[in-house]
Amino acid sequence: MIVVARVLIDSPLPQLDRLFDYEVPAELVADAVPGVRVRVPLRTAGRVVDGYLVDVVAAEAPERPLSALDAIVSPVPVLTPELYALARRAADRAAGSASDILRLVIPKRMVRAEKAWLAAQSAASDTEPSPTASPVTADAAAWADTVLSPYPGLADAVAAAERLALDAPPRPSTELPIGAWAELLAAIAVRQLGAGRSTVVVVPDHRDEEQLLAVLAARVGEDAIVRDDARRSGPERYAAYLRLRTPRPCIVVGNRSTVYAPAHDTACVIVWDDGDPLLAEPLSPGVHARDAALIRQELEGSSLVFAGHTRTTDVERLVQLGWVRELPAARRASPTVVLSATREGESHGARVPSSAFAAARDGLREGPVLVQVARPGYAPVLVCAECRTPARCRHCTGPLRARRPGATPDCGWCGRSDPAWTCVQCGAARLRMASSGSERTADELGRAFPNTRVIVADGAHPVTRVEARPALVIATRGAEPHAVGGYRAVILLDGDRMLLAEQLRIGESALRWWSNAAALAAPSAPVHLVGVAGPVARALATWTQPAYARAELADRGPLAMPPVVRVAAVEGTLTAVEGALNDLRDAVPTLPAAPGSILGPVPVGDDLVRALVRFDYAHGRTVAETLRAAVVAEALRGRRAAQRARNRSGPGTRTTLRVRLDVPELDL
């Protein structure tokens with residue numbers, strides 16, 4: 001009998017995405033426990049690689065001897081069985097590798113942080129056990145009950161491990177410079193912490209994270225809060241991850257990869273604003289935080305909460321299937337939204353109608369006013385002054401822009417300036433500004449409201465908080481700072497330009513941008529949506545975002561568009577893509593019969609092509625397994641071809657096949 005370690009190798013190569021068996025030497029048996037980091041040899045590569053020890057079993061010695069485990073890197077088990085099962089399931093669903101997901105979750109080892117954690121654990125074990133005190137005070141528990149009171153049955157539903165969809169209250173907090181949504185999510189987490197269980201809260205960006213942390217810091221102790229994001233240093237991230245390995249409840253707050261955080265006895269996973277593109281993982285295998293949360297809830301039986309000011313069609317589909325239960329607030333509090341348009345006698349070129357202008361003037365008497373615009377910069381789009389043809393860079397065909405009045409236009413892609421630009425259509429040399437960015441809007445409104453402080457908030461000028469003093473805040477979508485006490489008026493400009501984007505989800509995205517901005521308004525403050533009509537504008541004016549999601553989902557059904565169906569993108573050489581598609585046709589016989597189920601292949605440059613595959617959720621496992629097998633086969637063929645080329649002393653050529661399931665955004 002020998003001791004066999006089953007190891008998952010930390011490698012991006014798809015052919016290595018399985019468990020390998022290694023014999024554990026006698027001197028390493030004591031430390032070879034599941035979850036530790038190990039080093040193992042690769043026979044084919046002739047080198048030592050890192051990995052995770054997933055399981056240890058006793059087995060009969062095989063006829064062909066196994067390679068021996070080279071070393072145990074650390075005695076700390078960083079990979080829990082639950083985390084491995086979650087990573088494996090998520091990777092299989094997305095036709096990817098489990099090691100790619102674990103690379104997002106488990107930080108790199110920091111020896112000093114690990115030694116400090118081991119010393120703290122040893123000191124804690126040496127002390128006498130004391131009666132366990134509740135990490136939540138009576139005042140914090142009473143506060144949580146008050147915040148959750150508009151949602152009858154929410155606490156019981158979370159305790160019963162239900163899947164819920166919540167519409168967050170659209171108003172600023174009256175106590176802290178945060179949104180009421182942060183108080184709602186924090187109250188759920190505090191309630192579970194009082195019951196001795198952990199909560200994982202996933203938010204899109206650091207500004208949302210800071211709002212949540214501000215609420216929690218005022219209600220619970222610092223040791224009960226774990227901050228998990230990539231903005232922290234390596235030792236801080238690793239120390240926070242080791243904190244999750246201690247058997248004490250906590251509240252984990254972080255970005256998209258936090259959905260995998262192995263907190264102790266997780267009671268609830270909360271995903272805030274799942275429609276935000278920041279929650280779509282760009283790295284392979286590209287599992288959205290929403291999908292990972294659904295898989296986690298199914299595996300561990302915790303509750304799951306999707307919350308937001310709007311509802312995505314993905315969550316609405318789950319609500320209609322009965323997989324997620326809608327839990328509306330008993331008391332509805334919606335902002336006052338006005339659809340503004342130019343009136344008779346006004347110039348149709350007026351960017352701010354008279355009604356919105358008057359609302360801004362009145363609001364500035366009491367406090368700050370928010371103006372949302374579509375683009376940053378001064379003039380992000382330039383056109384020919386004669387024929388209105390968009391101005392393009394002669395080097396890369398990127399759009400030309402102006403950084404200030406009278407400035408030489410430069411390219412938004414390559415950054416080259418073009419002082420001698422001429423139109424390719426009519427030969428004219430004069431340019432015209434076709435749109436106004438945040439800086440130009442600030443100049444225009446600054447002249448319209450003299451002696452008023454003007455604040456620009458965009459990617460180049462990040463602002464997180466505005467005091468309760470009169471000021472014009474010009475912000476791009478998603479960059480709006482929070483105002484103490486709320487904005488006295490909110491004006492949403494460039495809505496018609498936002499809706500012109502040729503994307504499937506542009507209506508959802510625009511409604512989310514506008515709703516998040518409207519939620520920053522003070523109670524009874526007006527919100528003006530300028531120059532937009534139709535279903536999206538009506539949904540904002542009546543604050544019926546779930547109804548818009550239902551209508552949008554119904555419209556996509558006959559067209560077989562996501563999320564009614566799933567979509568896979570297959571990219572590679574023409575031979576590799578056609579081979580993968582043929583394997584799909586054999587594995588799913590009904591796929592070729594469905595019109596438009598396979599779109600392409602079409603060229604995408606550099607001798608590569610791409611095809612889109614639309615398939616039902618029932619065929620998800622078969623499609624993922626088939627495409628994954630095609631990726632592994634192509635990787636092995638490329639490796640053999642490279643080996644033959646090296647043997648001939650020629651340049652090695654390695655072909656690849658890339659697959660992504662559930663493409664986050666389809667361009668129309």
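## A buried loop residue, a helix pair and a sheet

At 10% relative accessibility, V287 counts as buried, because a residue is called buried when its relative accessible area is under 20%. This value, like the others in this report, comes from a predicted model. V287 lies in the loop that runs between strand 10 (266–272) and helix 9 (289–300). Leaving aside residues up to four places away in sequence, V287 touches A90, A94, I101, Y260, E281 and A292. A further relation concerns R103, which is 184 residues from V287 in sequence, while the two C-alpha atoms are 13 Å apart in space.

Q211 can be described in the same way, and this residue is found in helix 7 (residues 206–217). Is Q211 buried or exposed? With a relative accessible area of 15%, Q211 is buried. Its contacts, again not counting residues up to four places away in sequence, are I178, G179, W181, A182 and H482.

The two residues are set side by side here.

| Residue | Relative accessible area | Class |
|---|---|---|
| V287 | 10% | buried |
| Q211 | 15% | buried |

The next topic is a pair of helices. Two packed helices are described by the angle between their axes and by the distance between those axes. Helix 4 (residues 138–148) packs with helix 6 (residues 180–194) at an angle of about 130 degrees, and their axes are 9 Å apart. That angle makes helix 4 oblique to helix 6, because angles from 65 to 115 degrees count as roughly perpendicular and those over 145 as roughly antiparallel. The crossing in which helix 4 passes helix 6 is left-handed. On the side of helix 4, the residues that meet helix 6 are A140, W143, A144, D145, V147 and L148, and their counterparts in helix 6 are E183, L184, A186, A187, I188, V190 and R191. Sorted by class, this contact of helix 4 with helix 6 holds 10 nonpolar and 3 charged residues, with no polar ones.

The last topic is a sheet. Strands of a sheet pair through backbone hydrogen bonds, and the pairing may be parallel or antiparallel. Here, an open sheet of 5 strands has the order 2-1-4-3-5, and its pairing is antiparallel. Its edge strands are strand 2 (19–23) and strand 5 (71–72), each of which pairs on one side only. Within the sheet, strand 1 (residues 2–9) and strand 4 (residues 47–59) run antiparallel and are joined by 8 bridges. Which residue of strand 4 is the bridge partner of V4? The partner of V4 is V57.

Conventions
Residues are numbered from 1 along each chain as its sequence is written. This is a predicted model: local features need pLDDT of at least 70, side-chain atom pairs count only at pLDDT 80 or more; totals for chains, interfaces and linings use all residues. Side-chain values use heavy atoms; hydrogens and water are left out. Axes are lines fitted to C-alpha atoms, for helices over the stretch in contact, and angles run from 0 to 180 degrees between N-to-C directions. Helices (H or I, at least four residues) and strands (E, at least two) are DSSP runs, numbered from the N terminus. Angles under 35 degrees count as roughly parallel, over 145 as roughly antiparallel, 65 to 115 as roughly perpendicular and the rest as oblique. A crossing is left-handed if the near helix is turned anticlockwise from the far one by less than a right angle, and right-handed if clockwise. Contact means heavy atoms within 4.5 Å. Ala, Val, Leu, Ile, Met, Phe, Trp, Tyr, Cys and Pro count as nonpolar, Asp, Glu, Lys and Arg as charged, and the others, Gly among them, as polar. Two strands pair if DSSP finds at least two bridges between them. Buried means under 20% relative accessible area, exposed over 50%, partly exposed in between (1.4 Å probe, protein chains only).
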